[in-house]
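Thanks for making time for this. I would like to walk you through one structure, and I will go slowly for those who have not seen it before.

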Amino acid sequence: MRGTLTGQRYVDDILRHRVGPFLNGLPGAIFQQYNAPPHTARVPLDFLRHFQTLPWPACSSDLSPVEHV
């Protein structure tokens, strides 16, 4: 991906065309993203309110409930 990833571009290029259809095909799926500025902007959060999401703990990646390998 070239250029800067903004919240709007994140929705238009990634969430709407890739993540949304994928999650719609997995009933009960939970989506998690970390606290990067494009992920926490209003536009992506509004888009993701239609899906079940798991919040990312603040300030420490080692607090994530997802096991890192």
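Predicted model: local features only at pLDDT ≥ 70, side-chain atom pairs only at ≥ 80, totals over all residues.

Of the 14 residues that line the largest pocket, the ones closest to its centre are Gln33, Leu45, Thr53, Leu54 and Pro55. If you ask which elements give two or more residues to that lining, they are α2 and α3.

Let me step back to the chain as a whole. The protein chain has 3 helices and 0 strands, and, read from the N terminus, its elements run α-α-α. Taking the contacts between residues at least 6 apart in sequence, 42% of them join residues that are at least 24 apart.

Now to the aromatic rings. A pair of such rings is described by how far apart the centres are and by the angle of the planes. How many aromatic pairs does a search of the whole structure find? The search finds 2 of them. One is formed by Tyr34 and Trp56, an edge-to-face pair with 6.3 Å from centre to centre and 65° between the planes. Tyr34 lies in the loop between α1, residues 7-24, and α2, residues 37-40, whereas Trp56 lies in the segment after α3, residues 42-48, so this pair ties together parts that are 22 residues apart in sequence. Tyr34 counts as partly exposed because its relative accessibility is 49%, and Trp56, at 22% relative accessibility, also counts as partly exposed.

The other pair is Phe47 with Phe51, which is tilted, with 5.8 Å between the centres and 40° between the planes. Are these two residues buried or exposed? Both Phe47 and Phe51 are buried.

Phe51 is found in the segment after α3, and it is classed as buried because its relative accessible area is 16%, where the cut-off for buried is under 20%. Leaving aside residues up to four places away in sequence, Phe51 touches Gly20, Leu23 and Asn24.

Ala29 is 22 residues from Phe51 in sequence, and the two are 8.4 Å apart in space, C-alpha to C-alpha. Gly28 is 23 residues from Phe51 in sequence, with 9.2 Å between the C-alpha atoms. Gly28 itself lies in the loop between α1 and α2, and, with a relative accessible area of 65%, Gly28 is exposed, whereas Phe51 is buried.

To close, I would ask you to keep two parts of the picture in mind: the largest pocket, with α2 and α3 each giving two or more residues to its lining, and the segment after α3, where both Phe51 and Trp56 are found.

Terms used:
Residues numbered from 1 in each chain as written. Heavy atoms only, no water. Phe/Tyr/Trp six-rings, centres within 6.5 Å; stacked < 30°, edge-to-face > 60°. Helix = DSSP H or I, 4+ residues; strand = E, 2+ residues; numbered from the N terminus. Buried < 20%, exposed > 50% of the residue type's maximum accessible area, 1.4 Å probe, protein only. 1 Å grid on protein atoms, 1.4 Å probe; cavity = no way out; pocket = protein on both sides within 12 Å on 5 of 7 lines; lining within 4 Å. Contact = heavy atoms within 4.5 Å.
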